[in-house]
Amino acid sequence: MPKFLQVSSDLLGYILNIIFYALIAFYGWRAGVISFQQAEIVPGIINWPLWPARFFLFLGALMMTIQCMADAIALLLGRSDLSAKGEGGGPLGGGETRD
C-alpha cells in the first residue's frame with residue numbers, strides 16, 4: 001500500500017478513535033457527577049458507591065483520547081513508525097535498519 005494511503009488510513013483511524021473515546025469520557029463524566037450527587041450505591045451487605053467506577057471510566061477514556069491525539073500529531077509531524085526509513089520500532093517491527 002502506498003505511504004500516502006497508509007498515513008491517510010491511520011489518520012482516519014485516529015480521528016475516529018478520538019471521537020469515540022471523547023464521547024465515552026464526556027458521558028462517563030456526566031454519569032459520575034450524577035452518581036455522586038445522588039449518592040448512588042450497589043445495595044447489599046456492604047453498600048458500595050458507584051461514582052468511583054464511573055469516574056475511572058471517565059479517566060481511562062480521557063487518557064485514551066489524549067494518547068490518540070498524541071499519536072495523530074506524531075503522524076502528522078512525521079514522527080510515527082510509518083515515517084521511519086527502517087522496518088519500524090513497533091511491537092512487530094525489529095527496529096533495526098538494513099544496509
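This is a predicted model: local features need pLDDT of at least 70, side-chain atom pairs count only at pLDDT 80 or more; totals for chains, interfaces and linings use all residues.
Me: What makes Ser35 count as buried?
Reply: Buried means under 20% relative accessible area. Ser35 has 0% relative accessibility, and therefore counts as buried.

Me: Where is Ser35 found, and which residues does Ser35 touch, not counting those up to four places away in sequence?
Reply: Ser35 is found in helix H1. Not counting residues up to four places away in sequence, Ser35 touches Glu40, Leu50, Trp51 and Arg54. Each is called a contact because heavy atoms lie within 4.5 Å.

Me: Why is the reach of helix H2 called close to the expected one?
Reply: The expected span is 1.5 Å times one less than the number of residues. Helix H2, residues 51-76, has 26 residues, for which 38 Å is expected. From its first C-alpha to its last, H2 reaches 38 Å, so the reach is called close to expectation.

Me: Which residues of H2 are buried, and what does their cover include?
Reply: In H2, Phe58, Ala61, Thr65, Cys68, Ala72 and Leu75 are buried. Their cover includes helix H1, residues 3-37.

Me: What follows H2?
Reply: H2 is followed by Gly78, which has a positive phi, near 80°.

Me: What makes α-β-β-α the pattern of the chain?
Reply: The chain has 2 helices and 2 strands. Read along the sequence, these elements follow the pattern α-β-β-α.

Notes: Residues are numbered from 1 along each chain as its sequence is written. Side-chain values use heavy atoms; hydrogens and water are left out. Buried means under 20% relative accessible area, exposed over 50%, partly exposed in between (1.4 Å probe, protein chains only).
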